[in-house]
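Visitor: I have a structure open and would like to go through it. Can you walk me through the fold and a few residues?

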Amino acid sequence: MSDKLSVLFVCVHNAGRSQMAAAWLTHLAGDRVEVRSAGSAPADAVNPAVVEAMRETGIDIAAETPKVLTVDTVQASDVVITMGCGDACPVFPGKRYLDWTLTDPAGQGIDAVRPIRDEIRTRIEDLITEIAPEPAN
């Protein structure tokens, strides 16, 4: 069992918001945080506009695949951040839950996805400051 904090991002299809959030947290926090993402009703593939929007920032998520949300995944996570999955997300005592209201990029073009991507980055930066700050040297 790892002693580092584990964060799970959950949205319905695990094809947009949760994929971007997981990619940003992995990119910005490095190995200080264990990152997972899942969906209550996963899509077949990550949204191509989301892949392209992240590629513009130098982050390649083209190889990611949507994953189904399981009870075990939630139980193994310290912080669970939901993004519009509502009551589909199981709740366990002792976990920290955050609900981020974000526009769903499904069916949107790249111009609509960019502001969502940028808002997620800002939220991830704030989250890192709170849960996994840089160690003091």
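This is a predicted model: local features need pLDDT of at least 70, side-chain atom pairs count only at pLDDT 80 or more; totals for chains, interfaces and linings use all residues.

Visitor: What secondary structure does the protein have?

Guide: Four helices and four strands. Read from the N terminus, the order is β-α-β-α-α-β-β-α.

Visitor: And why call the protein as compact as a globular protein of that length?

Guide: Its radius of gyration is 14 Å, and the globule rule gives 14 Å for 137 residues, so the protein is as compact as a globular protein of that length. The C-alpha trace spans about 40 × 40 × 25 Å along the principal axes.

Visitor: How much of the protein counts as buried?

Guide: 42% of the 137 residues. The accessible surface is about 7000 Å², and carbon and sulfur atoms account for 50% of that.

Visitor: Which residues of the largest nonpolar core touch the most other members?

Guide: Val7, Phe9 and Ile124, in a core of 32 residues. At least two residues of this core come from each of S1, H1, helix H2 (48–55), strand S3 (79–82) and helix H4 (110–131). A separate core has seven residues, including Leu8, Val10, Ala38 and Val80.

Visitor: What is Val7 in contact with, beyond four places in sequence?

Guide: Leu25, Val33, Glu34, Val35, Arg36, Val79, Ile81, Leu127 and Ile131.

Visitor: Changing topic: where does Ser18 lie, and is Ser18 buried or exposed?

Guide: Ser18 is in helix H1, residues 17–29. Its relative accessibility is 0%, so Ser18 counts as buried; the cut-off is under 20%. Leaving out residues up to four places away, Ser18 touches Phe9, Val10, Cys11, Ser37, Ala38 and Met83.

Visitor: What about Ala22, buried or exposed?

Guide: Buried, because its relative accessible area is 10%. Ala22 also lies in helix H1, and beyond four places in sequence it contacts Phe9, Val35 and Ser37. Ala22 and Val12 are 10 residues apart in sequence and 15 Å apart in space, C-alpha to C-alpha.

Visitor: And Asn14, what is its phi?

Guide: Near 50°, a positive value in a residue other than glycine. Asn14 sits in the loop between strand S1 (5–11) and H1. Asn14 is buried, because its relative accessible area is 0%.

Visitor: Last one: how many positive and negative side chains?

Guide: 12 positive and 20 negative, with the centres of the two sets 1 Å apart.

Methods: Residues are numbered from 1 along each chain as its sequence is written. Side-chain values use heavy atoms; hydrogens and water are left out. Buried means under 20% relative accessible area, exposed over 50%, partly exposed in between (1.4 Å probe, protein chains only). Contact means heavy atoms within 4.5 Å. A nonpolar core is a set of buried Ala, Val, Leu, Ile, Met, Phe, Trp, Tyr and Cys residues joined through side-chain atoms within 4.5 Å. The radius of gyration is taken over C-alpha atoms; the globule rule is 2.2 Å times the number of residues to the power 0.38. Accessible areas come from the Shrake-Rupley method with a 1.4 Å probe; for residues, only the protein chains shown count as cover. Lys and Arg count as positive and Asp and Glu as negative; His and the chain ends are not counted. The place of a charge is taken as NZ of Lys, CZ of Arg, CG of Asp or CD of Glu.
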